[in-house]
Amino acid sequence: MRVSKRASSAVALGAAVALIASGCSGSDNGGDAGNSADGAIVIDGTQPEVPLVPANTTETGGGAIIDYLWTGLVEYPNNGGAPQNAVAESIETTDSKVYTIKIKKGLKFHDGSEVKAANFTKAWNWAAYSPNGAQNSSFFADIAGFADVQSTDPDEDGPKTAPEPKAKEMTGLKVVDDYTFEVTLAAPTAVFPTKLGYSAFVPLPDVFFTQKPEDFGKKPIGNGPVKFVSWEDDVMIKLTRFDDYTLRDKMKIKDVDVKLYQEDTAAYNDLLANNLDFQQQVPQSSLAGDKWKTDLGERAIQSVTPSTGIIAFPTYDPRFKNPKLRKAVSLSINRQEITEKIFFGNRVPADSWANPLTPGAKEKNCTSCVFDAAQAKALLAEAGGFTGEMVFYYNADASHKPWMDAVAQSVKNTLGINARAEGIPTFAVFREQINAHKMKGPYRAGWQQDYPDVENWVNPLYVTGGSSNDGLYSNTQVDALAKEASGAPSLDASHAKFAEAVAIIDQDVPSIPVYFQGQQSGHSEKIKKVELTNVGEIDITSVEL
């Protein structure tokens, strides 16, 4: 699951569901300043997959913490507006190829050192250099010289090792002075400034480069409104206000404890008892009859996020190589029935490859996202059928069992395949198996966009070597079109070329879009004012008590 973080354009999925809430509270006057200043909250979270290094974090558990600990060059407003400068003083270009970035003076990391231009260029070079193994490495592919810092393992995990790349640093990064750096791209790329709010592009302090990344990631040092205090695996991550933070989104409260739950119903029970101050998504079991609204009253928050529930195929498994088989499976799933009976209308059946909240996304371009039993059966026959059991995997520490069971049952009823769903105990173990390419059947995935452009729904997921192309899908035509789209001089030209790439993806069906996310959140009675970010995370800087 891509995990990310922020932004969207303001296009509603349906009249019944509101856009991300901006100031959800039972009080129009906000909280009491005295209560807030030294106040603390407990919010729900999940155990991060890996230590907290921004360019190596690709899932929501760790991604949310990184969003709290770091501030990037730009930020995405909660109201869905255009990106705004944050650490950046200015980002200028005359040709969409060479960008001059000036950063604000006097900004500090949590260790007291000043944020300088070199903290960006060194961080980006570290992430792009393939021997470092950063999962978000592909996000730097726009920059000139990226290919020279990459090398390919000739036999993946076999006895041979990848050769040393031609270079250790990208030619497209140049420090001009302490507060200015220049970025030269391989081709004009109009969307580049928009991408700079994603956490892969945040700066790293000098101390990062003096220790092992995993050691840094267990005691991370960011530059955001809160700093790290402690981390007890599977129990709690503690954060506290960084008093030397000088940007506009300063904390109004002091402490944030992120409680790492293994089960969302336990978090919900704590929320109802006011022992938890915020839960991002209430359990599926509380949606029937809008029970969660009755339970929470004015503490309930309903919103729409630029996120899609997906089932991914392990295309590296020979049993799932045939696109006709993959399309047959997709066509056999009754999305309308699942969203109505399992999610009680709180999700929308997916009908496109990119969430329609996303700039540049085309609506209704997923031809395999309809329920068509006859076509599904015909395609399965053309693919030569399927032998044995088809197991659909999901992480069992959240409310995925009901809808994954429904998917498997739909496939079984329509195609006659011996299909079932199976839970893997925790999200961390689930992701370990996905990253090791050891999945033995289709598996629950999902995408929460990183930045507001359709590019983010193609390059990481479907381009060969993409940061979240976990099923190892590969099509040279898609790669070529996506490269043209990424290097297009205007957003309109880029979006048109991405639409061509998506048309090929649509024929290959490397994954199955199932539903567009609706989000049902809740807060405690203690919180008097709170906003959500554009991907539904709690904006901890907005909280008043």
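The following dialogue explains how to read several features of this predicted model.

Reader: With which residues is Y68 in contact, leaving aside its neighbours within four places in sequence?

Author: Y68 is in contact with I43, G224, P225, V226, L239, V258, I538 and I540, once those neighbours are left aside.

Reader: How many disulfides does a search of the whole structure find?

Author: The search finds one disulfide. It joins C366 to C369, with an S to S distance of 2.1 Å.

Reader: Why is the disulfide of C366 and C369 called right-handed?

Author: The handedness is read from the torsion about the S-S bond. For C366 and C369 that torsion is about 75°, so the disulfide is right-handed.

Reader: Are C366 and C369 buried or exposed?

Author: The cut-off for buried is under 20% relative accessible area. C366 has a relative accessible area of 4% and is therefore buried. C369, at 7%, is buried as well.

Reader: What does S368 touch, not counting residues up to four places away in sequence?

Author: S368 lies in the loop between β14 (348-349) and α10 (373-382). Its relative accessible area is 0%, so S368 is buried. With those sequence neighbours not counted, S368 touches K327, S330, L331, R335, W353, D506 and V509.

Reader: Where is D290 placed, and is D290 buried or partly exposed?

Author: D290 is in the loop between β12 (278-279) and α7 (291-296). Phi of D290 is near 55°, again a positive value in a residue other than glycine. As for accessibility, partly exposed covers the range between buried, under 20%, and exposed, over 50%. D290 has a relative accessible area of 31% and is therefore partly exposed.

Reader: How many cavities of 30 Å³ or more does the structure hold?

Author: A cavity is a space that a probe fits but cannot get out of. The structure holds eight cavities of 30 Å³ or more. In the second largest cavity lies about 200 Å³ of space. Its lining has 21 residues, of which A312, L461, S468, D470 and S511 lie nearest the centre. Two or more lining residues come from each of β13 (300-312), β17 (443-448) and α13 (459-462). The largest share, four residues, comes from β17. By class, the lining of this cavity divides into twelve nonpolar, six polar and three charged residues.

Reader: Which residues of the lining lie nearest the centre of the largest pocket?

Author: A pocket, in contrast to a cavity, is an open set of points. About 2,000 Å³ of space lies in the largest pocket. Of the 49 residues that line it, S138, Q150, T464, G465 and G466 lie nearest its centre. The elements that give two or more residues to this lining are α13 and α14 (476-486), and α14 gives the largest share, five residues. The lining has 18 nonpolar, 21 polar and ten charged residues.

Reader: What is the volume of the second largest pocket, and which element gives the most to its lining?

Author: The second largest pocket has a volume of about 590 Å³. β20 gives the most to its lining, with six residues. At least two lining residues come from each of α2 (60-69), β3 (74-75), β19 (529-532) and β20 (538-544). The lining has 31 residues, and E75, N78, D249, D539 and T541 lie nearest the centre of the pocket. Divided by class, nine of the lining residues are nonpolar, nine are polar and 13 are charged.

Note on methods. Residues numbered from 1 in each chain as written. Predicted model: local features only at pLDDT ≥ 70, side-chain atom pairs only at ≥ 80, totals over all residues. Heavy atoms only, no water. Contact = heavy atoms within 4.5 Å. Disulfide = S-S within 2.5 Å. Buried < 20%, exposed > 50% of the residue type's maximum accessible area, 1.4 Å probe, protein only. 1 Å grid on protein atoms, 1.4 Å probe; cavity = no way out; pocket = protein on both sides within 12 Å on 5 of 7 lines; lining within 4 Å. Points joined across faces, edges and corners; volume = space filled by probe spheres on them. Nonpolar A, V, L, I, M, F, W, Y, C, P; charged D, E, K, R; others polar.
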